Amino acid sequence: MTLEAYIAFCLAAIAIVIVPGPTVTVVIANSLKYGQRAGLLNVAGTQAGLVVWMAVAILGLASAITLMGVWFDVIRIAGAVYLIWLGIKLLRSKGELLAAAASAPKGGFFLQGFVVILSNPKVLLVFGALIPQFISPNGDYLQQLLLLGISFMVIATVFDSLYAFAAGNAGSWLSKSRVRFVEVSSGLCLIGGGLWMALRGR
């Protein structure tokens, strides 16, 4: 793989990561409501999910993607329902940001990130369509796959963490009178993300 091809991949990966989707939506919503720690736990969960995707790709990209195509609609709908459920929970909140943050299930945020990334169509795009385009047939397949996959994980970690820090800092400046607005807007974003995932298709 040439340096030019690697740089082109990284630029494409950045473009994919920074466009808000289900993962970014969850990170922002939880960071606003519960603080930076919640968003960063979401990011950690997404990285664990990306490791699963990497393992699937290593075991056999073509056959794995074909198999995922059979089950992906089920996974996608499950992820969409999960996002919508999270959004409804936020809409039904009482605006008690501090109390909610104190009782927030820390391990749950990791699981949220893990579930959402496994059902995120953008990741299927990365491992099923983007990475194969940059793998040179003359080079070592596994080595190139690991390089590109790990590079994507690093890029995703950096930009998703920036979203978490930005939203967490914004949340810390909110007055109690504005918390309800944040909960409603975050809930609507989550529901919108769930509907986007459900309607997007394979």
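These legends describe close-up views of one predicted protein model.

The model is predicted, so local features need pLDDT of at least 70 and side-chain atom pairs count only at pLDDT 80 or more, while totals for chains, interfaces and linings use all residues. Residues are numbered from 1 along each chain as its sequence is written, and side-chain values use heavy atoms, with hydrogens and water left out.

**View 1**
Helices (H or I, at least four residues) and strands (E, at least two) are DSSP runs, numbered from the N terminus. From the N terminus, the elements read α-α-α-α-α-α-α-α. The protein has 202 residues, and 46% of them are buried. Buried means under 20% relative accessible area, exposed means over 50%, and partly exposed lies in between (1.4 Å probe, protein chains only). A contact means heavy atoms within 4.5 Å. Among contacts between residues at least 6 apart in sequence, 90% join residues at least 24 apart.

**View 2. Helix α2 is largely enclosed by the rest of the structure, because 11 of its 13 residues are buried.**
Its buried residues include Pro22, Val24, Ala29 and Leu32. Lys33 is also on the buried list. The expected span of a helix is 1.5 Å times one less than its number of residues. For the 13 residues of α2 that gives 18 Å, and the end C-alpha atoms are 18 Å apart, which agrees. Gly35 follows α2 and has a positive phi, near 105°.

**View 3. Thr23 sits in helix α2, which covers residues 22-34.**
Thr23 is buried, with a relative accessible area of 6%. Not counting residues up to four places away in sequence, Thr23 touches Thr46, Val116, Ile117, Asn120 and Asp160.

**View 4. The whole structure holds 1 cavity of 30 Å³ or more.**
The largest cavity has a volume of about 140 Å³. Its lining has 15 residues, and the closest to its centre are Val17, Thr23, Ile117, Lys122 and Asp160. On a 1 Å grid over the protein atoms alone, a cavity is a set of points where a 1.4 Å probe fits but cannot get out, and lining residues have an atom within 4 Å of a point. Grid points are joined across faces, edges and corners, and the volume is the space filled by probe spheres set on the points. Helices α1 (3-18), α2, α3 (36-91), α6 (121-134) and α7 (141-172) each supply at least two lining residues. The lining divides into 9 nonpolar, 4 polar and 2 charged residues. Here Ala, Val, Leu, Ile, Met, Phe, Trp, Tyr, Cys and Pro count as nonpolar, Asp, Glu, Lys and Arg as charged, and the others, Gly among them, as polar.

**View 5. The largest nonpolar core has 24 residues.**
Such a core is a set of buried Ala, Val, Leu, Ile, Met, Phe, Trp, Tyr and Cys residues joined through side-chain atoms within 4.5 Å. Phe9, Leu50, Phe127, Ile131 and Phe152 have the most contacts inside the core. Helices α1, α3, α6 and α7 each give two or more residues to this core. The largest share, 7 residues, comes from α6. Leaving aside neighbours within four places in sequence, Ile131 contacts Phe9, Val126, Leu145, Leu148 and Gly149.

**View 6. Asn42 is found in helix α3.**
Asn42 is buried, with a relative accessible area of 0%. Asn42 and Val26 are 16 residues apart in sequence, and their C-alpha atoms are 7.5 Å apart in space.

Methods
1 Å grid on protein atoms, 1.4 Å probe; cavity = no way out; pocket = protein on both sides within 12 Å on 5 of 7 lines; lining within 4 Å.
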